[in-house]
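Try each task yourself before you look at the solution.

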Amino acid sequence: MTSFLNGDRQSLLACRFTHTDLPRLRHMVAWQAARAGLAGMRWDDFVLAVHEGSVNAVGHGGGTGRLRLWRNEAALCCQISDDGPGALAGRLDGTAVPEPDSTGGRGMWLIRQLADEITFTSGAEGTLLWIAFRLPG
């Protein structure tokens, strides 16, 4: 299977962010997603998935994150990274619904439910998240 993350890239956005930047970042991502052709629930889902990943980056990754947004012929893609201590393997799995009394894990689970493709790597240098949503047409 070919990854949506591959192919020629048209860069749409690249920036560093902190917690205070999250509302402005969400607006920039929403605007770019609409320009790329996402609409309705797909637009909502993309913006929510990127927001959840960004919140995780600043909340668990040392207070700052980096976001890159691009499109290719098939998908709108986002890479979110941080310089934190790395995530616990169980937090990145995200395939099971978190227990009601759990204090975390819902963001990762939600991103997995919304995105067409998702990839994580995490280690001592930080965490890297890739999210892809198929474009219409």
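**Exercise 1. How are α2 and α4 oriented relative to each other?**

Solution. Keep in mind that this is a predicted model. Start with the angle: helix α2 (residues 40-60) and helix α4 (residues 106-114) pack at about 150°, and their axes are 9 Å apart. Angles over 145 degrees count as roughly antiparallel, and therefore α2 and α4 are roughly antiparallel to each other. Next comes the handedness: the crossing of α2 and α4 is left-handed.

**Exercise 2. Which residues of α2 meet α4, and what classes are in the contact?**

Solution. On the α2 side, look for Arg42, Asp45, Leu48, Ala49, Glu52, Gly53 and Asn56. Their partners in α4 are Gly107, Met108, Leu110, Ile111 and Leu114. Sorted by class, this contact of α2 with α4 has six nonpolar, three polar and three charged residues.

**Exercise 3. Describe how α1 packs against α2.**

Solution. First the geometry: α1 and α2 pack at an angle of about 145°, with 10 Å between their axes. Their crossing is right-handed. Now the residues: α1 contributes Leu22, Leu25, Arg26, Val29, Ala30, Ala33 and Ala34, while α2 contributes residues including Trp43, Phe46, Val47 and Val50. By class, the contact of α1 with α2 has twelve nonpolar, two polar and one charged residues.

**Exercise 4. Find the aromatic pair and classify it.**

Solution. Searching the whole structure gives one aromatic pair. The ring centres of Phe46 and Phe133 are 5.2 Å apart and the ring planes stand at 90°, so the pair is edge-to-face. Phe46 sits in helix α2 and Phe133 in strand β5 (residues 126-134), so this pair links distant parts of the chain, 87 residues apart.

Terms used
Residues are numbered from 1 along each chain as its sequence is written. This is a predicted model: local features need pLDDT of at least 70, side-chain atom pairs count only at pLDDT 80 or more; totals for chains, interfaces and linings use all residues. Side-chain values use heavy atoms; hydrogens and water are left out. Axes are lines fitted to C-alpha atoms, for helices over the stretch in contact, and angles run from 0 to 180 degrees between N-to-C directions. Helices (H or I, at least four residues) and strands (E, at least two) are DSSP runs, numbered from the N terminus. Angles under 35 degrees count as roughly parallel, over 145 as roughly antiparallel, 65 to 115 as roughly perpendicular and the rest as oblique. A crossing is left-handed if the near helix is turned anticlockwise from the far one by less than a right angle, and right-handed if clockwise. Contact means heavy atoms within 4.5 Å. Ala, Val, Leu, Ile, Met, Phe, Trp, Tyr, Cys and Pro count as nonpolar, Asp, Glu, Lys and Arg as charged, and the others, Gly among them, as polar. Rings of Phe, Tyr and Trp (its six-membered ring) pair if their centres lie within 6.5 Å; planes under 30 degrees apart count as stacked, over 60 as edge-to-face and the rest as tilted.
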